[in-house]
Amino acid sequence: MVQRRRMAAHGVLRDDGGRVLLVRGAAECPYPGVWQLPGGRLWHAEHPAAAAVRGFGEATGLAVTATDIRAAVADLVTLDAGVAVHTDRMVFDVTAGTGGAFRPESGGDSDELGWFTPGSATAVPVMPFTAELLGLSGAPLPLEVPGVLPAAWTVPVPADRRHRFGAYGLVTDPAGRVLLTLIADGYPGAGSWHLPGGGTDHGEAPEAGLLRELVEESAQVGRVVELIGVDSLHVPRAMGPEGRPLDWYTVRVIYTVAVDGPTEAVVTELAGGSTARASWFTVADLAGLRLSDVAGRMITEWIG
């Protein structure tokens, strides 16, 4: 079985009656005849919110604005071609502007638009991530989708280009401390204190990946509370353990995480990982601490 991985961003648009707009997969796409939220794949170095706006416009003709991120999910679909496709999806609420013309996509992945209430989608197949997020009771998909792998998905990625999807946490305990991890030597950002978390594995959901990383990096058992943000980082010449500059593009979804029974923070992952050590900090301890960009932003918002 060949494994492939991609990232996509979608938008949720409702009309005045509360119906949600969906698009139907075209015959040439991996999910023919299946309805889902409008959107599309992320381009290299593109912020997920920008990708949601662009993809929504391409699929529907509408000009929209992305507001809050609603969800981050992952799905794994096996195509008839013997390819297991893992897609990390970020879903945003969107509002419609005055520009654009309402029309199906021409020559793309979708061929029809439709407004749906939960009850009106019972007779059509709906992508599981869409059905779950919106409470739609669509017809179930077959175990294997008889779709084709688009040519764009088979284009080789440049040897020095890296894409990474990660889940990170603003992790706190009942005493009001925050947990941070120190980036190890030889990795981008070495010597900075960072949010716990990291890249998710093929077939792994963002929240599950974050809790796994939390154990590996600090020996803490946490529970995810809320999705609070998403960002992207593009470093065209990042130096890491490979010993040569790489074109790194990372997308990070960020959650609040509670550790109800904190213990001493100890790194448990195998030697050679990107985390040198982990530690709990009070708010007073944070003064003068060297923080990564995302850790600095999240902690500033948390302190208020």
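**View 1. Thr-275 and Glu-217 meet through their side chains.** The polar contact spans 3.1 Å (a pair of N or O atoms within 3.5 Å; within protein, one must be able to donate a hydrogen and the other to accept it, and residues adjacent in sequence count only if both atoms are side-chain atoms). This is a predicted model: local features need pLDDT of at least 70, side-chain atom pairs count only at pLDDT 80 or more, and totals for chains, interfaces and linings use all residues. Residues are numbered from 1 along each chain as its sequence is written, and side-chain values use heavy atoms, leaving out hydrogens and water. Thr-275 lies in strand E14 (strands, E, are DSSP runs of at least two residues, helices, H or I, of at least four, numbered from the N terminus). Thr-275 is buried, at 9% relative accessibility (buried is under 20% relative accessible area, exposed over 50%, partly exposed in between; 1.4 Å probe, protein chains only). Beyond four places in sequence, its contacts include Thr-181, Leu-182 and Val-267 (heavy atoms within 4.5 Å).

**View 2. Val-283, Trp-302 and Ile-303 form a nonpolar surface patch.** The patch covers about 250 Å² (residues with over 30% relative accessible area and no salt bridge, nonpolar side chains joined within 5 Å). Val-283 sits in the loop between strand E14 (275-281) and helix H4 (293-303). Val-283 is partly exposed, at 42%.

**View 3. Three strands make an open sheet in the order E3-E2-E7.** Pairing is antiparallel (strands pair if DSSP finds at least two bridges between them). Strand E2 (residues 20-25) joins E3 over two bridges. Arg-24 has Trp-35 in E3 as its bridge partner. E3 (35-36) and E7 (110-116) are the edge strands; each has a single partner strand, so one side of each lacks a neighbour in the sheet.

Definitions and conventions. Patch = residues over 30% accessible without salt bridge, like charges linked within 9 Å, V, L, I, M, F, W, Y side chains within 5 Å. Areas by Shrake-Rupley, 256 points an atom, 1.4 Å probe, with all protein chains shown as cover. Salt bridge = Lys/Arg side-chain N within 4 Å of Asp/Glu carboxyl O.
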